[in-house]
Amino acid sequence: MPGSEPPAEAFTEDALLGGRVRLTQPREGFRAALDPVLLAAFIPARPGETVLEAGCGSGAAFLCLAVRVPGVAVQAVERDAEMAALARRNAEGNGAAAMIHAADIRTPPPLPRCDHAFANPPYWPGGTPSPQPRRRDAAHEDAALEDWVAMLARPLRHLGTLTLVLPAGRFAAAAAALRGAGCGSVRLLPLWPRAGVAAKRVLIQARRGGRGADEVLPGLVLHAADGSFTPAAEAVLRGGAALP
């Protein structure tokens with residue numbers, strides 16, 4: 001009946017960071033994989049700082065960050081009210097200090113000043129969207145990339161970081177959006193599927209008011225020739241190590 005709780009079988013119980021994060025997420029639609037774990041590993045947060053995630057989904061990225069950096073205070077915005085409620089439950093289950101706002105990133109609630117902001121935003125402005133609503137919302141732009149960056153930059157302190165994970169083909173658009181929002185000193189970290197293979201994903205980070213030189217970092221090779229994770233990738237994905 002309308003308004004009733006989804007059945008328990010609509011969700012799965014999963015583990016990230018070698019079991020240090022327990023994540024309940026929908027069985028169908030967009031599901032957390034490598035991107036939120038890698039995103040969280042690239043954020044240079046310290047205990048006691050405040051971080052902001054836009055489009056948090058079930059909370060995978062901010063939970064990985066909170067486990068790696070105990071004592072961070074999380075603010076998060078998620079448009080899907082059911083996913084926002086799920087993120088709250090996941091935060092409580094993992095002992096994370098998190099305030100989850102059910103709101104659109106184009107009309108966010110008042111947010112406190114924060115030290116770091118991040119997102120795994122919808123990345124394709126065109127193409128054929130998935131018929132599954134949550135998968136479509138996760139992959140295909142409704143709000144433009146510039147809207148995501150502007151929302152994240154607004155509450156950032158001077159020299160606070162803004163970090164995105166995106167397909168490699170969108171790094172130029174992301175750099176332009178970051179500069180348009182007053183963020184500079186751009187750092188690009190390629191994520192290579194295997195050695196010698198072009199990166200499919202990149203991590204891109206800038207600082208609010210940053211004036212330093214841009215950097216291309218050494219990057220991370222995810223898989224060995226046999227398909228297993230490389231030791232460096234294992235350290236991040238299962239050991240909770242930071243990037244770079």
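**Salt bridges and a helix face in a predicted model**

Guide: R157 forms a salt bridge with D115, and their closest N and O atoms are 3.2 Å apart. The term denotes a side-chain nitrogen of Lys or Arg within 4 Å of a carboxyl oxygen of Asp or Glu. The pair links distant parts of the chain, with R157 in strand β7 and D115 in strand β6 (residues 114-119), 42 residues apart. Residues are numbered from 1 along each chain as its sequence is written. This is a predicted model, in which local features need pLDDT of at least 70 and side-chain atom pairs count only at pLDDT 80 or more, while totals for chains, interfaces and linings use all residues; side-chain values use heavy atoms, without hydrogens and water.

Visitor: How many salt bridges does this rule give?

Guide: The count comes to eight. R79, D104 and R106 are linked in a network of them.

Visitor: Which residues of α6 are buried?

Guide: Buried means under 20% relative accessible area, exposed over 50%, and partly exposed in between (1.4 Å probe, protein chains only). In α6 (residues 171-180), the buried residues are A174, A175, A177 and L178. The face turned away from the buried side carries the exposed residues A172, A176 and G180.

Definitions and conventions:
Helix = DSSP H or I, 4+ residues; strand = E, 2+ residues; numbered from the N terminus.
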